[in-house]
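Hello,

Here is the structure I promised to pass on. Please open it first, then read my notes below.

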Amino acid sequence: MLGRKAVSTSRGLIFCCSQSAGKLSLRQLCRMSFRPVAAVCQVNSTPDKEVNFAACVRLVEKAKEGGANMVFLPEGFDYIGSSQKETLQLSENLTGDTISRYSDLARKLNIWLSLGGFHERGDDWEHDRRIYNTHLIINGMGHIVSVYRKCHLFDVELPEKKVSLKESAFTIPGQSLSPPVQTPIGKVGLGICYDLRFPELSVALLRQGAEILTYPSAFTVATGTAHWEVLLRARAVETQCFVLAAAQVGCHHAKRASYGHALAVDPWGEVLGDCGGTEVGLTLVEIDMDKLRDIRRNMPVLQHRREEKFYYSLD
Ligand SMILES: O=C(O)CNC(=O)[C@H](CS)NC(=O)CCC(=O)C(=O)O
């Protein structure tokens with residue numbers, strides 16, 4: 001049953017902590033009970049891991065109450081550090097306390113989790129003090145079933161927008177894609193945040209069978225305002241996949257804020273849910289695979305692709 005704070009809007013079903021209660025129509029409830037449901041979350045992480053964990057647990061519990069089969073948390077769900085030193089200090093291994101607690105949570109609630117942008121200590125941590133930016137999927141039994149390490153690192157200077165981040169200073173780039181993983185809501189392909197800007201990654205995941213692309217993110221306010229929704233919708237339209245993008249929102253500490261607008265997009269490019277630009281919360285969306293199949297059958301762009309022609313003609 002959906003929680004009391006669910007509000008029905010033109011852009012999906014959103015739970016927002018500050019919004020007033022509303023009612024769902026019988027039609028919405030019926031539709032949701034037959035198709036799998038994804039919960040796309042919006043979080044405001046700080047450097048305090050305990051506070052962040054408690055906030056994420058509340059969202060996952062709300063998602064479960066709302067009938068979700070799988071919950072998506074954003075990049076930096078574990079924490080957003082206030083300095084490079086702090087970011088590194090707080091990092092853990094996949095066998096550490098944070099992921100163990102999320103495994104327990106998934107098992108307890110029998111729910112799948114997408115944990116995007118976990119700060120994972122690298123293989124050579126003792127020597128180089130570097131981390132991966134890791135997206136993992138945990139199944140309803142609490143087992144890690146997929147791990148993807150962010151390939152495209154955000155080394156960007158936009159002086160006029162006051163954006164200056166050099167992710168590669170402390171992060172090791174991932175070297176490969178992870179094959180899309182079968183989940184209760186469909187076949188999920190994994191990306192992270194800045195990866196969203198590289199359509200070849202999404203097409204590669206599509207070729208490997210993805211039906212749902214996921215980009216857990218912590219977009220800057222400046223780049224999010226300009227590019228976030230148009231990029232997510234473009235990835236959905238060109239791959240004919242659902243695109244689910246959990247997001248960070250608001251101020252994390254004195255020096256950093258994120259754009260928000262955790263988004264769910266269908267394979268036609270329509271926005272199904274949008275968490276807005278200010279509140280922590282989640283949007284519940286049903287995943288209608290019949291719609292995906294119809295779109296792909298009627299406009300078979302994957303069969304029409306001619307990449308090989310372009311690459312050869314460049315030689
Ligand atoms: O640093 C952490 O703790 C978590 N990681 C991030 O926040 C990453 C790397 S700095 N952020 C992005 O990739 C923003 C991309 C973006 O904003 C864009 O593509 O426009």
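**Helix 6 against helix 7**

Helix 6 (residues 199–207) and helix 7 (residues 221–239) cross at roughly 40°, and their axes come within 10 Å. The crossing of the two helices is right-handed. Helix 6 brings Pro199, Ser202, Val203 and Leu206 to the contact, and helix 7 brings Arg235, Glu238 and Thr239. By class, the residues of this contact are three nonpolar, two polar and two charged. Keep in mind that this is a predicted model.

**The ligand**

What surrounds the ligand? There are 17 residues around it, and the closest are Phe154, Cys193, Tyr194, Ala218 and Thr223. The shell divides into seven nonpolar, seven polar and three charged residues.

**Leucine 158**

Leucine 158 sits in strand 8, which covers residues 155–158. Setting aside neighbours within four places in sequence, leucine 158 is in contact with Val163 and Ala222. Alanine 222 is 64 residues away from leucine 158 along the chain, yet their C-alpha atoms are separated by 9.3 Å.

**The annotated domain**

The UniProt record, an unreviewed entry, places "domain: CN hydrolase" at residues 36–289. In the model, that span is 27% helix and 32% strand.

Best wishes

How values were computed
Residues are numbered from 1 along each chain as its sequence is written. This is a predicted model: local features need pLDDT of at least 70, side-chain atom pairs count only at pLDDT 80 or more; totals for chains, interfaces and linings use all residues. A residue is near a molecule or strand if its C-beta atom, placed from the backbone, lies within 6 Å of it. Ala, Val, Leu, Ile, Met, Phe, Trp, Tyr, Cys and Pro count as nonpolar, Asp, Glu, Lys and Arg as charged, and the others, Gly among them, as polar. UniProt positions are given in the numbering used here, feature names are shortened, and annotations may be inferred rather than shown by experiment. Helices (H or I, at least four residues) and strands (E, at least two) are DSSP runs, numbered from the N terminus. Axes are lines fitted to C-alpha atoms, for helices over the stretch in contact, and angles run from 0 to 180 degrees between N-to-C directions. A crossing is left-handed if the near helix is turned anticlockwise from the far one by less than a right angle, and right-handed if clockwise. Two residues are in contact if their C-beta atoms, placed from the backbone, lie within 7 Å.
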